[in-house]
Amino acid sequence: MVRTPKKKISKKVTDLRTRLWPDLSPDDLWHRNVYDGFTSVPRTMPLIMNIIDDLAPGSKRTSMTYLALWGQAFDEMYVSLQNADELAFHSGYTGQRAVRSWKERMRELAKLGFIRIAAGTAGEFSHAVILNPHFAIRRLHAAGTPGLTAAAYNALVERGIAIGAEDMNVALPEERQEEAEAAK
């Protein structure tokens, strides 16, 4: 597979953007290398969020809780949960039941394998780590989890291939461990 260098792709996109919007100043755009306050997200995030909502019981917006966590994380994928009120608000929950609703969504994300939660000074919800969402969805697919449709999973696989998301193809950590143990 021959890949086009990123600089070449970037130039093509920049040239197209300039032709479509000749009056647009680059200063009007948000750029992660210029401004602080960013984190990287998978380019498959819209599909991941749709899958999370499809898997959540009822009509709960669990994906917004996931996205709010992602917005708090850096490369370590760790999130301090010390301020549950703030995290609930960032997830879209307000009012008397905000933190309770947020905790329900957090439990669901943990149950589905998207995050892990650890207790600490703030109680049951003190720390969280965000797991690779592609691995989580692959595991859910392999388990035949109700709510994960073939169409949604296939769309994720297609997009993963299109963007070169190798984590859609590599062995899962537990598969690598089994292979290593079998090789002993």
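Me: Two strands pair if DSSP finds at least two bridges between them. What makes β2 and β3 a pair by that rule?

Reply: The model is a predicted one, and in it five bridges join β2 to β3 (residues 123–130). The rule asks for at least two, so five bridges are enough to call β2 and β3 paired. The two strands run antiparallel. Ile117 stands opposite Ala128 in β3.

Me: Why are β1 and β2 called edge strands?

Reply: The sheet is open, has three strands in the order β1-β3-β2, and its pairing is antiparallel. β1 (78–80) and β2 (115–120) each have a single partner strand, so one side of each has no neighbour in the sheet. Neighbouring strands of the sheet are turned by 30° against each other on average, with direction ignored.

Me: How do you know that the buried residues of α2 are on the same side of the helix?

Reply: Met45, Ile48, Met49, Ile51, Ile52 and Leu55 are the residues of α2 (residues 45–55) in question; they are buried. They cover an arc of only 160° around the axis, and that puts them on the same side of α2. What covers them includes α3 (62–72), α5 (98–112), α6 (133–142) and α7 (150–163).

Me: Why is Leu55 called buried?

Reply: Buried means under 20% relative accessible area. Leu55, in helix α2, has 10% relative accessibility and therefore counts as buried. Leaving aside neighbours within four places in sequence, Leu55 is in contact with Glu108, Leu112, Leu140, Thr145, Pro146, Gly147 and Leu148. Val99 is 44 residues from Leu55 in sequence and 21 Å away in space, C-alpha to C-alpha.

Me: What about Ser91, which is in a loop: why is Ser91 described as buried or exposed?

Reply: The loop is the one between α4 (84–90) and α5. At 1% relative accessibility, Ser91 is under the 20% cut-off, so Ser91 counts as buried. Not counting residues up to four places away in sequence, Ser91 touches Arg61, Met64, Thr65, Ala68 and Trp102.

Me: How many residues of the chain are buried, as a percentage?

Reply: Of the 184 residues of the chain, 31% count as buried.

Me: What makes the aromatic pair of Tyr66 and Phe114 edge-to-face?

Reply: The structure holds three aromatic pairs. In the pair of Tyr66 and Phe114 the centres are 5.6 Å apart and the planes are at 70°.

Me: Why can the pair be said to tie parts of the chain together?

Reply: Tyr66 lies in helix α3 and Phe114 in the loop between α5 and β2, so the pair ties together parts that are 48 residues apart in sequence. Tyr66 counts as buried at 0% relative accessibility, and Phe114 counts as buried at 0% as well. Ring pairs link Tyr66, Trp70 and Phe114 into a cluster.

Me: Why is α3 called roughly perpendicular to α5?

Reply: The axes of α3 and α5 come within 9 Å and cross at roughly 85°. Angles of 65 to 115 degrees count as roughly perpendicular, which means that α3 is roughly perpendicular to α5. Thr62, Thr65, Tyr66 and Leu69 in α3 meet Trp102, Arg105, Met106, Glu108 and Leu109 in α5.

Terms used. Residues are numbered from 1 along each chain as its sequence is written. This is a predicted model: local features need pLDDT of at least 70, side-chain atom pairs count only at pLDDT 80 or more; totals for chains, interfaces and linings use all residues. Side-chain values use heavy atoms; hydrogens and water are left out. Buried means under 20% relative accessible area, exposed over 50%, partly exposed in between (1.4 Å probe, protein chains only). Helices (H or I, at least four residues) and strands (E, at least two) are DSSP runs, numbered from the N terminus. The arc is that of the directions from the helix axis to the C-beta atoms. Contact means heavy atoms within 4.5 Å. Axes are lines fitted to C-alpha atoms, for helices over the stretch in contact, and angles run from 0 to 180 degrees between N-to-C directions. Rings of Phe, Tyr and Trp (its six-membered ring) pair if their centres lie within 6.5 Å; planes under 30 degrees apart count as stacked, over 60 as edge-to-face and the rest as tilted. Angles under 35 degrees count as roughly parallel, over 145 as roughly antiparallel, 65 to 115 as roughly perpendicular and the rest as oblique.
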